[in-house]
Amino acid sequence: MPGRVRKRSPLKVPDRPYIALGLEGSANKLGAGIIRHGPDGSTTVLSNVRHTYITPPGEGFLPRDTAIHHREWALAVINDALNKAEISFHDIDCICYTKGPGMGAPLVSVALVARTLSLLYDKPLVGVNHCVGHIEMGRQITGARNPIVLYVSGGNTQVIAYSQQCYRIFGETLDIAVGNCLDRFARVIDLSNDPSPGYNIEQEAKKGKRLLSLPYTTKGMDISLSGILTSVESYTRDKRYRQNGPLSEGEVDIITPQDLCFSLQEVVYAMLVEITERAMAHIGSKEVLIVGGVGCNEHLQGMMGTMAKERGGQVFATDERFCIDNGIMIAQAGLLSYRMGFQTPLTKSTCTQRFRTDEVHVAWRA
């Protein structure tokens, strides 16, 4: 149970190099990453390969089609990761895979690949919580010691803090996640999915000039985003809305897609900054770590940085190599677990779409 304190020896410096292969496929990104923990306490990213399933503008990615993509690309992505790391399967200590949360069919596809490799090469399996993978890779790359974590992605929106070998969720979305909200609106205005809908919304928002009225819904430490999505979509049916074409002289009341992207970002990110600041005040933290695919958004980082600076703190974030779903984050969290003695028996190497962040025993943190 999350509330129980389970004491175990803290993570020690390894007596030899440990190498892990991490496989990620909880959504439309298929990733394979290889990481090494050295006897000198170092952590080295040996390779981090990713392939994204991209659909046409206006379309999302369906679980079945995404699973087919992962199965078709798994061998190429894994071999590429091994070649870039300049190692073979015999050098690997454990195979780590995403147990959840995520989309069911893609998760199962990647777990099947992990089980097959485990049997072929007689390597232990380690099931990893996707959210904890983001946190541990963020901590490793940025050097943040004990931050409030804002986890924002396509399927998750959570404010998290560490306590007693568990990542406690202070607040979260009550309905859809931030990334889901952005992706769905991008489909409404026919933005490209390449490289990602959220990135393209960010670029369009830079051209926006009007801040439109949208619902601001924070409920204590939680937020709700379905209402703001419905509201911003309704503007596309307003008689003032113009999808394409330059404005004529004197047309000051026209609403553009850029205005909608700008307004959506401003309001949603203000809500995220508010609940993050509240969590910082509660535990007295001066650090914020932003993880997850939406964490790449520079405007969100800037808004959070302004808040943190006013509190005498700072914001930590990574670039797209580590904030977007990737295999190396699964390898990092999995290898930490493996070094604490944790393994996933083959008979229990299942997946779950609802694997809560606070269900994980974070044994490697004292």
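Reply: Happy to. Let me start with a cysteine that stands apart: Cys 351 has a relative accessible area of 25%, so Cys 351 is partly exposed. Its sulfur is 14 Å from the closest cysteine sulfur, which belongs to Cys 96, and that is too far for a bond. Please keep in mind that this is a predicted model.

The count of disulfides comes to one. That disulfide joins Cys 296 to Cys 323, with an S to S distance of 1.8 Å. The link between Cys 296 and Cys 323 is right-handed, with 50 degrees about the S-S bond. Cys 296 sits in the loop between strand E11 (287–291) and helix H8 (298–310), while Cys 323 belongs to helix H9 (residues 320–323), so the bond ties together parts that are 27 residues apart in sequence. The two partners also have their own accessibility values: Cys 296 is partly exposed at 22% relative accessibility, whereas Cys 323 is buried at 1%.

Cys 94 is in no disulfide. The nearest cysteine sulfur to Cys 94 is that of Cys 96, 3.8 Å away, and a disulfide needs the two sulfur atoms within 2.5 Å. Cys 94 has 0% relative accessibility and therefore counts as buried.

Now back to the disulfide's loop. Asn 297 lies in the loop between E11 and H8, and it is buried, at 5% relative accessibility. Leaving out neighbours within four places in sequence, Asn 297 is in contact with Glu 202, Gln 265 and Tyr 269. Two of these names return in what follows. The unreviewed UniProt entry has a "binding site" annotation that covers Asn 297 and Glu 202, and its other positions include Tyr 151, Asp 183 and Gly 198. Of these, Gly 198 is placed in helix H5 (residues 197–205).

Gln 265 turns up again as a contact of Ala 270. Ala 270 is found in helix H7 (residues 257–283) and is partly exposed, with a relative accessible area of 23%. Besides Gln 265, Ala 270 touches Tyr 216 and Met 303, not counting residues up to four places away in sequence. The C-alpha atoms of Ala 270 and Met 304 are separated by 8.7 Å, although these residues are 34 apart along the chain.

To put the picture together: the loop between E11 and H8 holds Cys 296, the partner of Cys 323, and also Asn 297, a position in the UniProt "binding site" annotation. Gln 265 is a contact of Asn 297 and is also touched by Ala 270.

Note on methods
Residues numbered from 1 in each chain as written. Predicted model: local features only at pLDDT ≥ 70, side-chain atom pairs only at ≥ 80, totals over all residues. Heavy atoms only, no water. Helix = DSSP H or I, 4+ residues; strand = E, 2+ residues; numbered from the N terminus. Buried < 20%, exposed > 50% of the residue type's maximum accessible area, 1.4 Å probe, protein only. Contact = heavy atoms within 4.5 Å. UniProt positions renumbered as here; feature names shortened; annotations may be inferred.
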